[in-house]
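Colleague: I am new to this structure. Please pick a single part, look at it closely, and then show me what lies elsewhere along the chain.

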Amino acid sequence: MKTNLSSQITLTRIPTRYYRPENAYELSVLTRFEKIPTSIYESADEGSVTIAKQIAAEIRKKQAEGKKFVLALPGGRSPQSVFKELIRLHKKEDLSFKNVIVFNVYEFYPLVSEANSNIAFLKDALLDHVDIDPANIYTPDGFMSKDATSEFCSQYENQIIEAGGLDYILLGVGHAGNIGFNAPGSTPSLRTRLVLLDNDARKEAANTFKSIENVPASVITMGMSTILAAKNIILMAWGENKSQLIYETVEGKVSDTFPATFLQTVVPKARVAIDLSAASQLTRISRPWLVTSCEWDNKLIRRAIVWLCQLTGKPILKLTNKDYSEHGLGELLALYGSAYNVNIKIFNDIQHTITGWPGGKPNADDSNRPERANPYPKRVIIFSPHPDDDVISMGGTFRRLCDQKHDVHVAYQTSGNIAVGDDEVIRYCEYLRDVCAKYAPGSNPVAEKAEDILYYLRNEKVEGVPEHKDVLFMKGTIRREEARAGARHSGITRDDHIHFLDLPFYETGLVKKNDISEKDKDIIKKFIEDIKPHQIFVAGDLADPHGTHKVCLDAILAAIDEMKDDAWMKECRIWMYRGAWAEWEMDHIEMAVPISPEELRLKRIAILKHQSQAESAPFLGDDERLFWQRAEDRNRATADLYRDLGLAAYEAIEAFVQYIPLR
């Protein structure tokens, strides 16, 4: 079973020389806008393994010298794959941690339970799985009295000094360019201190604590001075959601409004390690024509023209030879002879992505259409990682497929139970209790179970402990019925076309999920084989390399990989959609489905069927907009981009990219 095929999806063929230059001269040319040494890896796994091996080499070097190795570790998702490789090196290659001293980069304060503490995360993710001496683990105390915090911070700095200083620090980068919890406004002179969390920082931490209300008011964090004094500093970032942050960190100006840029002041001991997705905004990857000669293909040309249109404020067909020459695109004039030739090529290319028939238009010439005319109608599977991704991400296309009489199945891959708040369960249990009292008074096992759940939630629940199985059932049932309502509203009329796969990796009762397994893949594979679809729609969010969407995508791609040589699968097209946060970039879009104002209104209603997620969902992220607002803004922005390029003006557009199984 291939468990990580999503990381091998290359939307744009990026020449290897852009991220692995052949020599020092080529490196200096490509990276002339970059102010921190930056290593780009093809995947997060490759980068993580490299970092872990570097750490292991440093540990062993210190062991040979009879010295301690002082390592500072953060929380968050970025270091998780590094930790996994360090554990593997410990268990399989005899890497000992007996000479390692670990300092926790930050800790939330005040804590009411150790379950959500950063040190608990570090222990669970790494420290409890290696032979480190517990006495060598240093962390801020999230339970200390408020009067003790100032003195503790001074002592923490002294402990670092007494240990010989930090040999190595791993860092991630936050939404505002923060490293550790050094938010905008932090200066290079600040040391370990207590920091009050602003609203944005609390939102970023909400995933750890399940809701923003549970996030502590402050955090004890190493300061910029402490971090910059480390002998080796590695900032890691994986996934597209980090790409703009990496661009600002590596190519931006040093400023306290973006603390990560202070790493530019301590080069070469500060380095950046990223995957190709996180590198996507760097000049050498995103706009290579500004630093080197290019290997032009249709996608790169399209990206360059869209960039030029946005830079000049002109639609495609109004670009001139002068526009190309003045902005580093003279190579295209040499290749095509004139601006007009390039313009008309790209205009037609983008025009051909637009279709009102996402399942293919019957009895029509499909030579310039993104989807085949035949067979018609098609059997279609829409995979939805959570019970609402289908309507949030492609609700207009979902309805269009049903309206055009295709045989549409929707498959919800996970229950989404942890995203339901306890208040929702309490409301439904009280409703259930009242119904039983009215229609089945007296002793009733259903009413008794409802009372048991209510008592548990109000009196016995402990944070950080796996959710009670009855509560999980209730939460899963709430989301299941909301999903049914949304699917029916979108046009599915048969209940046997609404499927709940409940993939096992998700059912832990905790925010932390298990890794993908053969069981997950086999459930997906059997489902696809039973239907033998002509079209499959999947969530193609590649932004978060550790998120549920990626695991769900990997399960689908692993199943498809085992069926790709079957005759019927060779005739099946796989389309990737994106979630509520971002749309496919214009250079990648291969199918664009216009949505009318009325269809957009109906899509909103389908999203609002998911009442438990409307406002109180714990994983809304740091975006104030509700899911339906995000979706509409995203779809309208895509339509506006098409209009600005000189194409037809639509109310909204949903976009898709085709996935071709790897050979």
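Modeller: Lys-405 is exposed, with a relative accessible area of 64%. Here buried means under 20% relative accessible area, exposed means over 50%, and partly exposed lies in between, with a 1.4 Å probe and protein chains only. Lys-405 sits in the loop between helix H15 (389–403) and strand S12 (407–412). Helices (H or I, at least four residues) and strands (E, at least two) are DSSP runs, numbered from the N terminus.

Two points on reading this. The model is predicted, so local features need pLDDT of at least 70 and side-chain atom pairs count only at pLDDT 80 or more, while totals for chains, interfaces and linings use all residues. Residues are numbered from 1 along each chain as its sequence is written, and side-chain values use heavy atoms, leaving out hydrogens and water.

Back to the backbone of Lys-405. Its phi is near 70°, a positive value in a residue other than glycine. Most residues other than glycine have a negative phi, and most peptide bonds are trans. Lys-532 is another case: its phi is near 50°, again positive in a residue other than glycine. Lys-532 is partly exposed, at 37% relative accessibility. Its loop runs between helix H19 (518–531) and strand S14 (535–539).

S14 pairs with strand S11 (residues 379–384) in the parallel sense over 3 bridges. Two strands pair if DSSP finds at least two bridges between them. Ile-382 has Phe-537 of S14 as its bridge partner. S14 also pairs with strand S15 (residues 573–577), in the parallel sense over 5 bridges. There, Phe-537 is partnered by Trp-575 of S15.

Ile-536 leads on to the core. A nonpolar core is a set of buried Ala, Val, Leu, Ile, Met, Phe, Trp, Tyr and Cys residues joined through side-chain atoms within 4.5 Å. The largest has 124 residues, and Ile-536 is among those with the most contacts inside it, along with Ile-169, Met-222, Ile-305, Tyr-324 and Phe-383. Helix H20 (residues 548–563) gives the largest share of this core, 9 residues. A second, separate core has 33 residues, including Ala-52, Leu-86, Ile-234 and Ala-273.

Now take Ile-305. It is in contact (heavy atoms within 4.5 Å) with Ile-316, Leu-319, Tyr-324, Leu-332, Val-342 and Ile-346, leaving aside neighbours within four places in sequence. Ile-305 is one of the buried residues of H11, which include Leu-300, Ala-304, Trp-307 and Leu-308. Helix H11 (residues 298–312) has 15 residues and reaches 21 Å from its first C-alpha to its last, close to the 21 Å expected. That expected span is 1.5 Å times one less than the number of residues. Cover for its buried residues includes helices H10 (283–286), H12 (321–326), H13 (330–336) and H14 (339–351). Just after H11, Gly-313 takes a positive phi of about 75°.

The peptide bond from Val-267 to Pro-268 is cis, with omega near 15°. S10 is mostly covered, with 5 of its 6 residues buried. Strand S1 (residues 38–41) runs parallel to S10, joined by 4 bridges. Strand S9 (residues 233–237) pairs with S10 in the parallel sense over 5 bridges. Ile-233 stands opposite Ala-270 in S10. From S9 the chain crosses through H9 to S10, a right-handed β-α-β crossover. Right-handed means that, with the strands pointing away from the viewer, the path from the first strand over the helix to the second runs clockwise.

Another cis bond joins Tyr-109 to Pro-110, with omega near -10°. Pro-110 is in the loop between strand S4 (106–109) and helix H5 (118–125).
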